[in-house]
Amino acid sequence: MNLYDRIPNNVNLSEDKKLQRALEKWLPNYLDWWREMGPEGFQEKDVWLRTAIDVGSEGWAHFDYVKMPDYRWGIFLEPAQPDAKVGFGDNYGRTAYQEVPGEFRNSLRRIIVTQGDTEPASVEQQRQLGKTCPSLYDLRNLFQVNVEEGRHLWAMVYLLHGYFGRDGRDEADDLLARRSGNVDKPRILEAFNQPCDDWLNFFAFTMFTDRDGKYQLSALAESGFEPLARTCRFMLTEEAHHMFVGDTGLGRVTRRTAQLMKEGDVRELGGIPLEIIQKYINFWFSYSLDLFGGEISSNSADFFAAGLKGRYKEQEQYAEHTAANEIFNMTVVEDGQLKSREVPLRNALNEVLRTEYVKDCEKGLARWNKVLADEGRSERLYLPHPRFHRHVGEYAGHSFDIEGNLISKEDFERRKAEWLPTIEDREYVRSLMHPVYEVGKIANWIAPPAAGIKGKPFDFEYVRL
Ligand SMILES: [Fe+2]
Ligand SMILES: [Fe+2]
């Protein structure tokens, strides 16, 4: 573990002078990007953050006050498995790839760049949120997510620099050049170009979009390209906190709304009506489903065949790892109707991963509905049908209602204000967003958390302003 190097790492960077020099050249560009596009207005403040210092399950993180530009972004891979094997696909059982196999070079680079691009994108999307935080606890959690997305970018840039030569270095530079929501140089995936400018958006984003990250990283943690698998395994450790922030964040908003419903009109009382929470769920869930890619995909088949991207818990959950002759029944749109079509399983792996993701999201919904029940309410939140409001894959270009029934485009346009946040909804939510910077205080539209971070109380000074 080289913790006190300019770039903390557990990959013996100092023994690879060429790579070290390349990354040390990239470092100031990264810091320039962070200053320009990272959280606005808080760069000089002390924030009580966790920093990854090890990869062991015990004590992998250190908590202390740090100014964000001084955060120790490092490169940490889970330890190599002796005689690791390719765990699935056509090369199942062969020795895992320690270098990039020539024939898979373009596919792998594309996978790594696409993953890498999401990391800085979300920091850009969230950069204004500090100015309207509901509490210091939430402010700290926002910044924790932000610095770790920065570290995830480092994780991918390490692979690009270390394994892809000149192309990799160019791609690493481009990761700092694209901008979320920019018309000329947007981020690669659409969910990462959507504005995330209020805290309800933030909680829905970390619940649903970071959770897509969990599933992508889990599929890559199975990869036969070992450096990628090892880096993704460690990223998953950090990702868990991001989803916790979203899951508990929406749970706390729901609790407060339920409490206000008992007192009177939620709007008059300055809360967020349940219908608006539901619409934000519909919006971010549907955009996050798109991130899994097309339902029927030759890329998914190629990535699996090559041993690059596996299924969720490929080793644990499956007995057969080639998925070569299996069939998947997919619902498709044909002649204006929903029909069932048989597709080779390998071509349906995006859908298989998406299904795992939906199951996981359902658990979040169950937790929020338990909050509603605990507060004595009979209303329930739900997930829209996965066909609803899709922009990628089989269902893009068709219109569906919230239950997944095929409807006309006109019907959709007429009813979409029932299902998706309107400009008025967004303006209303924004009108509630006033910063609460006092230690131990919290905004009116959200309930306090059940506990603080790492044994600290809620009224701990998580950020020194
Ligand atoms: Fe990430
Ligand atoms: Fe994340």
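Student: Which residues coordinate the iron ion (ligand 1)?
Tutor: Keep in mind that this is a predicted model. The donors sit at 2.1 to 2.2 Å from the iron ion (ligand 1). Along the sequence they follow the spacing E-x29-E-x2-H. The donor residues are Glu119 (OE), Glu149 (OE) and His152 (ND1).

Student: Which helices hold glutamate 119 and histidine 152, and how many residues apart are they?
Tutor: The pair links distant parts of the chain. Glutamate 119 belongs to helix α2 (residues 105-125), and histidine 152 belongs to helix α3 (residues 136-163). They are 33 residues apart.

Student: Are glutamate 119 and histidine 152 buried or exposed?
Tutor: Buried requires under 20% relative accessible area. Glutamate 119 and histidine 152 both fall in that class, so the answer for the two is buried.

Student: Which residues coordinate the iron ion (ligand 2)?
Tutor: Donor distances here run from 2.0 to 2.2 Å. The sequence spacing is E-x60-D-x28-E-x2-H. The donors are Glu149 (OE), Asp210 (OD), Glu239 (OE) and His242 (ND1).

Student: What is the arrangement of the 4 donor atoms around the iron ion (ligand 2)?
Tutor: For four tetrahedral donors the ideal angle is 109.5 degrees. To count as tetrahedral, all angles must lie between 85 and 135 degrees. The angles at the iron ion (ligand 2) range from 89 to 171 degrees, so the arrangement is irregular.

Student: Which residue bridges the iron ion (ligand 2) and the iron ion (ligand 1)?
Tutor: The two iron ions lie 3.4 Å apart. One residue coordinates both. That bridging residue is glutamate 149.

Student: In what order do the 3 strands form the open sheet?
Tutor: The edge strands are β2 (61-67) and β7 (463-464), each pairing on one side only. Strand β1 (residues 46-52) joins β7 through 2 bridges, running antiparallel. Within that pair, aspartate 46 stands opposite arginine 464. The order is β2-β1-β7.

Student: What angle does the direction of α3 make with that of β1?
Tutor: Helix α3 packs on the sheet. It touches β1, β2 and β7. The angle with β1 is about 40 degrees.

Student: How many residues lie between β3 and β4 in the hairpin?
Tutor: Strand β3 (residues 327-334) and strand β4 (residues 337-344) pair in the antiparallel sense over 8 bridges. Threonine 331 stands opposite serine 340 in β4. In the turn, aspartate 335 has a positive phi of about 50 degrees. The number of residues between the strands is 2.

Student: Which residues touch the most other members of the largest nonpolar core?
Tutor: This core has 123 residues. Its largest share, 16 residues, comes from α3. The residues with the most contacts to other members are Phe208, Ile272 and Trp445.

Student: How many residues are in the second, separate core?
Tutor: Among its members are Phe328, Val343, Ala348 and Val352. The second core counts 11 residues.

Student: How far apart in space are tyrosine 163 and valine 100?
Tutor: Tyrosine 163 lies in helix α3. At 18% relative accessibility, tyrosine 163 is buried. Its contacts include Val100, Phe225 and Pro227. Tyrosine 163 and valine 100 are 63 residues apart in sequence, and their C-alpha to C-alpha distance is 6.7 Å.

Student: Is lysine 454 buried or exposed?
Tutor: Most residues other than glycine have a negative phi. Lysine 454 has a positive phi of about 50 degrees, and its place is in the loop between α12 (423-432) and β7. Exposed means over 50% relative accessible area. Lysine 454 has 59%, so it counts as exposed.

Student: What is the accessibility class of asparagine 12?
Tutor: Asparagine 12 also has a positive phi of about 50 degrees. Its place is in the segment before α1 (17-37). At 40% relative accessibility, asparagine 12 is partly exposed.

Terms used
Residues are numbered from 1 along each chain as its sequence is written. Chains are lettered from A and ligands numbered from 1 in the order in which they are written. This is a predicted model: local features need pLDDT of at least 70, side-chain atom pairs count only at pLDDT 80 or more; totals for chains, interfaces and linings use all residues. Side-chain values use heavy atoms; hydrogens and water are left out. Donors are N, O and S atoms within 2.8 Å of the metal (3.2 Å for Na, K and Ca); water is not among the atoms, so sites may look incomplete. Helices (H or I, at least four residues) and strands (E, at least two) are DSSP runs, numbered from the N terminus. Buried means under 20% relative accessible area, exposed over 50%, partly exposed in between (1.4 Å probe, protein chains only). Two strands pair if DSSP finds at least two bridges between them. Contact means heavy atoms within 4.5 Å. Axes are lines fitted to C-alpha atoms, for helices over the stretch in contact, and angles run from 0 to 180 degrees between N-to-C directions. A nonpolar core is a set of buried Ala, Val, Leu, Ile, Met, Phe, Trp, Tyr and Cys residues joined through side-chain atoms within 4.5 Å. Four donors count as tetrahedral if all angles lie between 85 and 135 degrees; four count as square planar and six as octahedral if opposite donors are over 155 degrees apart and all others between 65 and 115; anything else is irregular. Lists of a residue's contacts leave out its neighbours within four places in sequence.
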